Amino acid sequence: MTRVDPVEGLASLADVVRSFGLRTHKSLGQNFLLDLNITRKIARSAGRLDGYTVIEIGPGPGGLTRALLLEGAARVVAIEMDRRCVEALAPLQEAAGNRLELLQGDALKVDLELFIAGPTKIVANLPYNVATPLIMGWLPLLPLIESFTLMLQKEVGARFEAAPNTKAYGRVSVLTQWQAHVTTLFDVPPHVFLPPPKVMSSVVHFEARRTPLYPADPRALDRLLRRAFSHRRKVLRANLKALSSRIEDDLAACGVTPNARAQEVSLEAFCALARRLEGALLQDTLSDDAADDVL
Ligand code: SAM
C-alpha cells in the first residue's frame, strides 16, 4: 500500500523546537533527539512496524514519532505530559491523519491496555526520571504487547539485563527477565541529544516471552523479591525469616545455600522459593506500598 509521506513539507525538528519555544525542562526528563537518522535507527531496531500499533511515551517535538510513521507503523499512539509539545505536534498530526493519536497526560497514570488493538509494540525515548516505574508498570501487559524498545540511561538499562552475581542484578532484573528476553542493542552518546544528558544512554529491547520462564504467582514473586533485595548486604535467610519458621530448610529445598545473598540467587531459584512460600507471601501485604524503590 502506498502511503503519503507524513513528514514531507513539515518544518525541521530544530525549527519546531525554535518556533514553539520548547525550552527543555529537566523535571520532565526532556532530552530531545533532533537527528532523524538516529530516531529512524531506533524505530528500525524495534523490528517490523508495518501493521502494528506503536505506543510512544513522551514524543516531545516528534523526532521519534516521525521515524515510527516513516518506518511504516500502522498507528502511533503518543502520550505526552507537556502541553507545549502536544501543540508543537499538531502539524505532524494533521499530516499523518488517523495514523497518529496524540494524548496529553502523565503516562504513569495511563492504562496502556486501552490502546492495544492487534499487534502492539512500545517504542520510546523515555523520560529517564520515571523510566523504571513506567517499565515495571507495563510488565503485566506482556505478552499483550509484543515488545518494548526503549532509550534508557545506560546504567538503568543494565539493571534490566543484569545476571546474578553482578551489582546491577536485582528485583527489576528478575521480574523483567522472567517475562521478557532483554537485550541492549546499542549505546547512544550524550552529544546527540538537546541538551546533552550527563549520562550515556542505551537502546534496550524487551521481547515478550510467550509464558513466564518458570511457574510462579506474579504477586508472590514480586513480594519475595521486595523482601529479598530490601537489604542487599544481609544474607537472604535474614531478609526472609519473617515468612517461615524453617527458612533454612525452604532455601535448601530450592537449592539456595544458607549464607547466600539475594544477588547470588538465580531466577529459577527465586521462582521455586515463590512457589514454596506462596501462602505466606500472598498474606504478606506489608511490603506492597512500602518498598516500591527496591530495585
Ligand atoms: N521522544 C522525544 C525525542 O526523542 O526527542 C522526547 C524524549 S524526552 C527524553 C522525554 C519526553 O517525555 C519529553 O517530551 C517529556 O515532556 C515527556 N514526559 C516526561 N514525563 C512524562 C510523563 N510522565 N508522561 C508522558 N510524557 C512525559
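Strand 1 (32–33) and strand 3 (75–80) are the elements that give two or more residues to the shell around the ligand. Strands are DSSP runs (E, at least two residues) and helices likewise (H or I, at least four), numbered from the N terminus.

This is a predicted model, in which local features need pLDDT of at least 70, side-chain atom pairs count only at pLDDT 80 or more, and totals for chains, interfaces and linings use all residues. Residues are numbered from 1 along each chain as its sequence is written, and side-chain values use heavy atoms, with hydrogens and water left out.

## Contacts

Of the 20 residues around the ligand (a heavy atom within 4 Å), Leu33, Gly58, Glu80, Asp106 and Asn125 come nearest. By class, the shell has nine nonpolar, seven polar and four charged residues, with Gly counted as polar.

Polar contacts are pairs of N or O atoms within 3.5 Å. A side-chain N or O atom of Glu80 is 2.6 Å from a ligand oxygen. On the backbone, an N or O atom of Gly58 lies 2.7 Å from a ligand nitrogen, and a polar atom of Leu33 is 2.8 Å from a ligand oxygen. The protein buries 98% of the 610 Å² that the ligand exposes when taken alone (Shrake-Rupley method, 1.4 Å probe).

## Overall chain

The protein chain has 14 helices and nine strands. Its radius of gyration is 21 Å, close to the 19 Å that the globule rule gives for 295 residues, so the chain is as compact as a globular protein of that length. The radius is taken over C-alpha atoms, and the rule is 2.2 Å times the number of residues to the power 0.38.

Note on methods
Polar contact = N/O pair within 3.5 Å; in protein donor to acceptor, adjacent residues only side chain to side chain.
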